[in-house]
Number of protein chains: 4
Amino acid sequence: MRRALKDQQKGVKVKIAFIGLGNMGTPIARNLIKAGHTLTVYNRTRNRAEALQSAGAKIADTPAEAAANAEVLITMLADDGAVEAVLFAPGNAIEVLRAGAVHISLSTISVALSRRLTEAHREKRQHYVAATVFGRPDAAAAAKLFVVAAGAPEQIKLCQPLFDAIGQKTFVAGEDAPAANVIKLAGNFLLTATIEGLGEAFALVRKCGLDQNAFLEFLTGSLFTAPIYRNYGGMIAADKFEPVGFKLPLGMKDNRLLLQAAEEAAVPMPLASLVHDRFVAALAQGLGESDWAAIARISYQNAGLKDGE
Amino acid sequence: MRRALKDQQKGVKVKIAFIGLGNMGTPIARNLIKAGHTLTVYNRTRNRAEALQSAGAKIADTPAEAAANAEVLITMLADDGAVEAVLFAPGNAIEVLRAGAVHISLSTISVALSRRLTEAHREKRQHYVAATVFGRPDAAAAAKLFVVAAGAPEQIKLCQPLFDAIGQKTFVAGEDAPAANVIKLAGNFLLTATIEGLGEAFALVRKCGLDQNAFLEFLTGSLFTAPIYRNYGGMIAADKFEPVGFKLPLGMKDNRLLLQAAEEAAVPMPLASLVHDRFVAALAQGLGESDWAAIARISYQNAGLKDGE
Amino acid sequence: MRRALKDQQKGVKVKIAFIGLGNMGTPIARNLIKAGHTLTVYNRTRNRAEALQSAGAKIADTPAEAAANAEVLITMLADDGAVEAVLFAPGNAIEVLRAGAVHISLSTISVALSRRLTEAHREKRQHYVAATVFGRPDAAAAAKLFVVAAGAPEQIKLCQPLFDAIGQKTFVAGEDAPAANVIKLAGNFLLTATIEGLGEAFALVRKCGLDQNAFLEFLTGSLFTAPIYRNYGGMIAADKFEPVGFKLPLGMKDNRLLLQAAEEAAVPMPLASLVHDRFVAALAQGLGESDWAAIARISYQNAGLKDGE
Amino acid sequence: MRRALKDQQKGVKVKIAFIGLGNMGTPIARNLIKAGHTLTVYNRTRNRAEALQSAGAKIADTPAEAAANAEVLITMLADDGAVEAVLFAPGNAIEVLRAGAVHISLSTISVALSRRLTEAHREKRQHYVAATVFGRPDAAAAAKLFVVAAGAPEQIKLCQPLFDAIGQKTFVAGEDAPAANVIKLAGNFLLTATIEGLGEAFALVRKCGLDQNAFLEFLTGSLFTAPIYRNYGGMIAADKFEPVGFKLPLGMKDNRLLLQAAEEAAVPMPLASLVHDRFVAALAQGLGESDWAAIARISYQNAGLKDGE
């Protein structure tokens, strides 16, 4: 890919196979098209692919068809299973991807699968870069994602123009691709630490009869100035977990991947275990369609607070 | 106090009894003197009072002597016991404070004691304002504290010039004085949620062989922009908990007060309980002289990480 | 007391002041009377004392009056506050108890208070034996309590006939009286570990659609043969926490004393913290009148199980 | 199988394929041979199969060869992966097992796999009975296991003589085979609840300077009479986790299966999560070769207790 991307840095188009057109994949793919690249897209549900046709994307009928002539394969899929199906199912992408091409995996997948992909691509003399992203669909649409990339430095350098097309900033996590997955999971874990903290704190504040909005004003106006406090604190103060930014079962999946990675590395993470228990309780309370911040409702319920109280 | 403070709003001096000249009390007292007020100070260890003499403070030999002619009594003491001794011991401050004077309690004390003070001052026809503060000694010296005040609106209004002299911003938490104490404890709890989250996340990142400073750069450069992440994340990444901003046993005291308040309000707070367990383990490991962020070391130890590894 | 008790070992009566005639104290006092001892009883609510009059007890109007001529003072009170009031309030028991007399404290009190009592009695040249008891009111009535005694070996030996009159077995925990309190708290903690384990296990079993009674039969018929499994497992399987053997707030008090003792000894006990959170949640759900095994209901609620489901 | 087993009830031999000859499988197989049945055995490491040859077992070279003519297929394997390999790998046992034969799965496997086996055998018109066992190798050798069986009542009835040959008591958990797996996991969870409780209690007792053996005597002589308290309490009091009854990583596997089953059923189990954290910490401390009761050492370490202190 070296030639192509070097040219691209001068404005030349890169041939990209883009697989996975969900809420995140679609705006990311649009931004790559806008930046002048040629996209062949594949999505299991074809109509999401068709929506990109007018923007100039070519549609493939299978992952392999998309990957066949690509210089870069980008995957943005829901979970390990989806990535495995695209890459490893008989006759699929890894079989047809040319030697020297690079696979950029944007998906939040397990550290173990990222390690397996590193090996599998190496055997095929392809390149693998894990590039996890932080930000919600609106950030993806605005090309404001934070990208955490790990892999061979040369490959990361060559991919940089693509990262620039989709994000506001790229962090390089090292040469070992799974590092980017660890950081993604650790970052999401820190968000859940904040959510759980806020849930318990607001339960106390509400039960003591204080005004929760005044408390929120205090927090965001003093030491807790990061937007995450306003974002999640606002939902929790209002006890309202719609509209959904990140669906609860997806957050639970990431928590599960984190606990797996931590177990493999022999790192006990009791706060992550507590968050796990919250997710399970939230599902049991029927909160599966809510934003993941709805785990705060378990704090409310266990404190005897009723909705709207 | 109405007359005096009204005058003061026009620049007239207020007669203040200031009790408690620790690391926070001393710079706060200095700022009040700078703002033109007359301070009679008392401290159990007299030499800390003498240090303020040159700045213009008068020294009292007992809390009662300090409080005797004050329009405003300010206490900034270590814990419930110290406040009780100053206010309620036979012949002490509450006995001699004049009717109409106001007691501003800056200390981090229990919600229960704050409630008791509310009652006790009401009986004496004195006023009571709980005004808890966020910020470390350097913020106190720079008059950059965040003040959370609760009490009768009229009293808070009259005290505002004093708050302005010591802090950068005042949040009013309502008419019920203990509300300011709840918010102080809930705010400190949210700091511990951040510290615990960072401790576990860095344990994972280190054990996976990633560069912890790169991880810190990522955090503070993306979603975790509040200074608390850089501050605590920096200590934890370096596994170095000196110099001490807030000593571990003091943080543990605040956690204890939080759990008591939560128990009284019947609010289970499992994350606060986890932090409690961390504090206890940290003491058992001899970390009593470290910054409270040293609870992160328990995450390191339980993951089998040695110092400096 | 040496002479008296030596005689008593030959059947001579001991003069006992017995303070605290609750659900446990009353049957214990009766058994001491039955064994031939002379009791002067005191209870804050006098009618509970009167109920023992027909059995031969003499009634005192104050703790001090009861203690005045006693060879042995026995206290069986609800908490630290009650013991402190009886012993340390001006003009109370410790003032009038004669040198050489022994105070046997049966109450579940804090390790700290037990240590203070050790000192206070030593100063008065009185003796102090902590003798905590395991068993419910029916066991007390049947003189089937388990007694854990700690104190000077000679004193314990002299008190043995009294322990034999109220219990089925005496364990000696050492010479340091507070040891008996630690063991009482640790034993009760192990009961809560069993209750919490059963609550979670039955929540799983119920939610999976299994028959909870069959599960209980399996447990008690295989590895979990101690009566505590049948007792608590039965309540939890039936989701019915009446009749009350040990009231939830009393169990919560003991959990609090345990956590205090553990904090003082710098021993983190995360399972005890979890149980604490359960107690708080149970109070928030209005379970304050139930048996302490009702903390299992929090497991049921968080799993989305409704009553009787 | 009906005919064969009916005959067997009168003493006729059953043709059994027995797969998995580990520490549990070997003594179980021996007891079946002793009871007069014909065993064809398979083990991945062939020499463990050869050890049974002299007792009369026939050796098969593959799982399929063993299963080919069996009336009953019994599997006693380490984990889901091993069971899947034996049953589902191309050309393996489920392909050759005759219609009407019954598969008795003794292994501790996931509830999900047990459900999948139920379906797979039904499709092949074979029968499936989950029969989990409680007890250690010595209990297996003595035919003293507790068996928890679930499946079609008729099949369980027919299998009863086999259960009688290996265990002291059979509990029937219902018609749905996975129920036996739930009960196995729930039972093992209750053991970990006991271990964790004992670990924390002994940490407190040791740190307070009490004699841990006296504490153990008290426990096992009063309310905690089940042998599990003496067994695990003895190891924990001695801080010695060899000889190994049940290896720590196996206990961790069962905890993982429990948490998965609980997650699927939407049942939060915070005590199970705590135990998970303990297992992870124990591995990080290099305790992977110890008995699973060694999680207690984490309680000791976090309390600052050194080995042998």
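Predicted model: local features only at pLDDT ≥ 70, side-chain atom pairs only at ≥ 80, totals over all residues.
How many bridges join β2(C) to strand β3 (residues 58–59) of chain C? There are 2 bridges between these strands, and the two run parallel.

- Strand β1 (residues 15–19) of chain B pairs with strand β2 (residues 38–42) of chain B in the parallel sense, and 5 bridges connect them.
- Within that pairing, B:K15 has B:T38 of β2(B) as its bridge partner.
- As a general point, strands of a sheet pair through backbone hydrogen bonds, in either a parallel or an antiparallel manner.

**Strands around β2 in chain C**

- Strand β2 (residues 38–42) of chain C has 4 of its 5 residues buried, so the strand is largely enclosed by the rest of the structure.
- On one hand, β2(C) pairs with strand β1 (residues 15–19) of chain C over 5 bridges in the parallel sense, and in this pairing C:Y42 of β2(C) is the bridge partner of C:I19.
- On the other hand, β2(C) is joined in parallel to β3 (residues 58–59) of chain C, where C:I59 of β3(C) is the bridge partner of C:V41.
- Together with helix α2 (residues 25–34) of chain C, the strands β1(C) and β2(C) make a β-α-β unit that is right-handed.

**Helix α14 of chain D**

- Helix α14 (residues 270–284) of chain D consists of 15 residues and reaches 21 Å from its first C-alpha to its last, which is close to the 21 Å expected at 1.5 Å a residue.
- Of the 15 residues of α14(D), 15 are buried, so the helix is largely enclosed by the rest of the structure.
- Just after α14(D) comes D:G286, which takes a positive phi of about 80°.

**Chains B and D**

- Between these chains, 7 residues of chain B are in contact with 7 residues of chain D.
- On the chain B side, α14 (270–284) and α15 (296–302) each supply at least two of the residues that touch chain D.
- Sorted by class, the side of chain B that touches chain D has 4 nonpolar residues, 3 polar residues and no charged residues.
- Chain B is superposed on chain D, with an RMSD of 0.0 Å, by a rotation of 180° with 0.0 Å of shift along its axis, and that is the relation of a two-fold axis.
- The C-alpha of chain B nearest this axis belongs to B:N302, and it lies 4.1 Å from the axis.
- Of the interface residues of chain B, 100% are also interface residues in chain D, so the copies meet through the same surface.

**Chains A and B**

- The same surface serves both copies, as 100% of the contact residues of chain B recur in chain A.

Notes. Residues numbered from 1 in each chain as written. Chains lettered and ligands numbered in written order. Pairing = 2+ DSSP bridges. Contact = placed C-beta atoms within 7 Å. Nonpolar A, V, L, I, M, F, W, Y, C, P; charged D, E, K, R; others polar. Least-squares fit on C-alpha atoms with pLDDT ≥ 70 in both. Expected span 1.5 Å × (residues − 1). Buried ≥ 20, exposed ≤ 12 C-beta atoms within 10 Å, placed from the backbone. Right-handed = clockwise from strand over helix to strand, strands pointing away.
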